[in-house]
Amino acid sequence: MSLMRWKSSLLAAGALLAATSFGAMAEPVVINVIDVAGDLQVSQPALEKFQAEHPELISKFVFTQATAPELAGKLKAQQDAGRVDIDFVLTGNDALAAGMEQGLWMQILPKYADKFPNLKELYIPGAYLMQEMARGEAFVIDWYPSGPLLEYAPDRVKELPDTPAALMAYCKANPGKFMYARPANSGPGRTFVMGLPYLLGDKDPKDPINGWDKTWAYLKELDTCIEYYTAGTTASMKELANGTRDIIATTTGWDINPRYLGIVPEEYKVGAFKNFTWVGDANYMAIPKGIPEAKLKVVLELMAFLLKPAQQAYMFDHGYMYPGPAIKGVTLDMAPKESQETIAQFGRPEYASLIADNPTEAPLDAKPLVAMFDKWDREIGAAKMKK
């Protein structure tokens with residue numbers, strides 16, 4: 001072979017290798033993102049940063065939002081038809097659990113473990129508890145201890161109930177003035193329900209079907225003085241703000257963020273039950289089965305990018321998932337200036353001691369969570385759901 005032909009062959013082989021390597025000589029792709037957790041308000045700046053830094057990979061993001069209960073059916077229909085047009089999912093553990101039950105998510109680990117090493121060392125302990133629940137089918141993108149907490153109007157509630165019994169007494173004395181949203185579509189709603197077994201001393205807080213006798217009895221009695229249940233959290237916040245309700249279930253993030261947004265008056269207060277247990281909550285990023293290989297490679301790179309400290313600092317946001325970052329070593333001074341200002345104005349000094357002084361447990365695992373949602377929908381909320 002002549003030197004010229006040898007060089008030509010070598011160049012051709014190199015071009016072929018480059019073309020088949022990730023990101024080389026490939027057209028940038030459109031990534032369709034669906035958010036069923038409200039997480040885009042936290043993570044969208046970090047996603048857009050990835051696009052800005054990697055225009056050779058992503059031409060644009062297309063963002064859509066939906067409710068958690070409708071996601072599984074939507075995805076399953078697309079997969080059954082062989083036309084998946086959702087590439088990247090932002091979800092709470094509600095829709096994640098429903099998707100796991102139906103086998104909708106791609107198994108990322110252990111196949112791609114080289115991109116996501118040492119997760120136990122990477123995540124803060126509470127976030128790692130929730131990462132284990134994903135069983136390699138998703139990654140925690142942001143985390144918080146959540147609740148259960150109670151938010152109230154101090155001009156209308158002079159003494160906030162601080163035990164389940166006191167809340168029951170208040171609710172009966174003030175019918176319709178307490179509310180929590182449907183657990184299957186509300187972080188505060190499900191956190192309130194999942195926190196009760198610890199407060200009430202139920203047999204097994206992780207088994208809602210066989211271990212929650214006291215909790216289900218309590219919820220049924222509480223139902224007698226609740227007017228109706230909103231389909232989501234924001235509606236309950238608006239009812240607190242307009243005076244229809246005086247106390248609602250909330251979480252750290254759902255306390256801070258709606259006051260920042262002006263949905264709830266800044267002066268409204270939050271309280272905790274005595275001797276309560278935090279029930280952690282998180283949002284996840286997941287990949288539906290059936291997305292094209294070219295998009296899969298880009299989405300895996302995106303996921304790894306979002307778990308870096310610089311991107312995790314965006315998760316402080318405006319308090320929506322307070323504190324927010326899921327990995328170790330990310331502090332508020334790393335966050336954008338706007339986030340620092342929001343937490344300074346709307347944060348609660350007492351949160352530091354509440355988080356330090358009370359234990360944290362993971363929420364229900366996927367199967368029991370779905371079972372809890374179903375039982376609550378049938379036995380508690382069915383007759384009183386407001387669309």
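Start by selecting Asp281, which is buried at a relative accessible area of 6%; buried means under 20% relative accessible area, exposed over 50% and partly exposed in between, with a 1.4 Å probe and protein chains only. This is a predicted model, where local features need pLDDT of at least 70, side-chain atom pairs count only at pLDDT 80 or more, and totals for chains, interfaces and linings use all residues. Residues are numbered from 1 along each chain as its sequence is written, and side-chain values use heavy atoms, leaving out hydrogens and water.

Arg190 and Asp281 form a salt bridge with the closest N and O atoms 3.5 Å apart; the term requires a side-chain nitrogen of Lys or Arg within 4 Å of a carboxyl oxygen of Asp or Glu. The pair links strand β10 (residues 278–286) to helix α8 (residues 187–200), 91 residues apart. Helices (H or I, at least four residues) and strands (E, at least two) are DSSP runs, numbered from the N terminus.

Next, select Arg156 and Asp246, a salt bridge with a closest N to O distance of 2.5 Å. Arg156 is partly exposed at 29% relative accessibility, whereas Asp246 is buried at 7%.

Then show Glu239 and Arg245, whose side chains form a salt bridge at 2.7 Å, N to O. Both Glu239 and Arg245 are buried.

Move to helix α11 (residues 252–261): 8 of its 10 residues are buried, so the helix is largely enclosed by the rest of the structure. Among the buried residues are Trp254, Ile256 and Arg259. Gly262 follows α11 and has a positive phi, near 85 degrees.
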